[in-house]
Amino acid sequence: MKSEIRTVYWKKGEVVLIDQRLLPLRVKYLRLRTAKQVAKAIKEMAVRGAPAIGVAAAMGLALTAYHCRSKDRDRVLERLRKSYEVLRATRPTAVNLFWALNRVMRVAESAGSADEMRNRVVSEALKIAEEDIEANKRIGENGAKLIEDGDRILTHCNAGALATAGYGTALGVIRSAYAQGKKILVYACETRPKLQGARLTAWELMRDGIPVKLITDNMAAFLMQRGEVDKVLVGADRILAKTGHVINKIGTLSHAISAKHYGIPFLVAAPFSTIDFESTLSDVVIEERDPREVLYVGNMRIAPRGVEVWNPAFDITPPELVTYVITERGVYKPDELKTLSSGV
Ligand code: MRU
């Protein structure tokens, strides 16, 4: 395998992240020094993918702690609380963002001095990143057991190394199965309007030499009807433990309905940090993004001036369409999630 992709990492008081808006045409890293810059990068999707935005946000808090020179514990905490508010207002749907921010704030609040707070906040953010990579590798091992030699797997959006601190969730399963010597073909759906499938998934898999074929989103059902898909495998932005609903990139629901119709297993790979143990459906906010994402492809306008646009970034797949949820702790049916606990 080619050298691992470093999506987001900490380097001597800077958060370094690959600017995903430019991929696959340019590989450029942004070096950020404030929580506000991290918030902007999340909002504008320079960094995206549920686990990756959680890690980036945690590191955003680490930047605030690291660069605040005050000796006054309460002053550092106050600065962190301000950054927390800025970071949590970036994107509303993926639960990893709130999970990571709350985890770092709990550590900050329990610190007795300013110095202790600085050290603990930075090390907690780095721990979240390390744990994410470890979780993805375990998701990969657990999920690979469900993948058979010769499988043709359809995926949506990008649930790869780029969407996490490294290795990936859905693509982590594919990486593990491929490393075991299983022959695999991945169908990557382009994922309008932001094209994460075409730009990111195709790039990531090609780097690793894993066979991938790109299709537009509206080709998926026909491909399934022709018997060319053995499994659908996606990531998630939030999974509701209470009901088993899976919130993921817009278009996921259509694939799940098609997969059910054609009797194809629909698999979701995600770490526990993506499982929301508190919320019910009515608590979930589906992000609606700028209409320009739909009106333009790249810099080219494709629709008439004045046309109205609806641009939700995510959809909700009900549990009856989900075969298994693959996590770092094991593989579950969606209705089994309510019997688990977050472990926090
Ligand atoms: O809008 P994005 O690109 O942040 O959406 C990402 C997705 O929907 C992914 O499928 C999800 O975050 C899982 S990533 C491991």
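## How to read the numbers

Because this is a predicted model, local features need pLDDT of at least 70 and side-chain atom pairs count only at pLDDT 80 or more, while totals for chains, interfaces and linings use all residues. Residues are numbered from 1 along each chain as its sequence is written, and side-chain values use heavy atoms, with hydrogens and water left out.

Let's start with helix 1, which spans residues 35-43. Helices (H or I, at least four residues) and strands (E, at least two) are DSSP runs, numbered from the N terminus. The buried residues here are A35, V38, A39, A41 and I42; buried means under 20% relative accessible area, exposed over 50%, and partly exposed in between (1.4 Å probe, protein chains only). These residues sit on the same side of helix 1 because they cover an arc of only 160° around the axis, the arc being that of the directions from the helix axis to the C-beta atoms. As a general rule, an α-helix has 3.6 residues a turn, so residues three or four places apart point the same way.

What do the buried residues of helix 1 pack against? Their partners are strand 2 (14-18), strand 3 (29-32), helix 2 (50-67), helix 3 (73-88) and helix 4 (95-109), where contact means heavy atoms within 4.5 Å. On the other side of helix 1, K36 and K40 are exposed. K36 has a relative accessible area of 65%. From C-alpha to C-alpha, K36 and F277 are 29 Å apart in space, and they are 241 residues apart in sequence. Just after helix 1, M45 takes a positive phi of about 65°.

## Around the ligand

The ligand has 19 residues around it, and R48, R91, D237, N248 and K249 come nearest. A residue is near a molecule or strand if one of its heavy atoms lies within 4 Å of it.

For R91, an N or O atom of the side chain is 2.8 Å from a ligand oxygen; for Q196, the distance from a polar side-chain atom is 2.9 Å; for D237, an N or O atom of the side chain is 2.7 Å away from a ligand oxygen. A polar contact is a pair of N or O atoms within 3.5 Å; within protein, one must be able to donate a hydrogen and the other to accept it, and residues adjacent in sequence count only if both atoms are side-chain atoms. On its own the ligand has 420 Å² of accessible area, and the protein covers 99% of that (Shrake-Rupley method with a 1.4 Å probe; for residues, only the protein chains shown count as cover).

## Two buried polar residues

N136 is in helix 5 (residues 114-144) and is buried, with a relative accessible area of 0%. A polar atom of the N136 side chain lies 2.9 Å from the backbone oxygen of G166. Beyond its neighbours within four places in sequence, N136 is in contact with T164, G166, Y167, G168 and T169.

D208 belongs to the loop between helix 7 (196-207) and strand 6 (212-215). D208 is buried, at 11% relative accessible area, and its side chain joins that of R175 through a polar contact of 2.7 Å.

## Backbone details worth a look

Cis peptide bonds join L23 to P24 and R192 to P193, with omega about 5° for L23-P24 and about 5° for R192-P193. P24 is in the loop between strand 2 and strand 3, and P193 is in the loop between strand 5 (185-189) and helix 7.

The loop between strand 5 and helix 7 also holds T191, which has a positive phi of about 70° although it is not a glycine. T191 is buried, at 0% relative accessible area. Y167, in the loop between strand 4 (152-155) and helix 6 (170-179), has a positive phi near 75°. Y167 counts as buried, at 19% relative accessibility.
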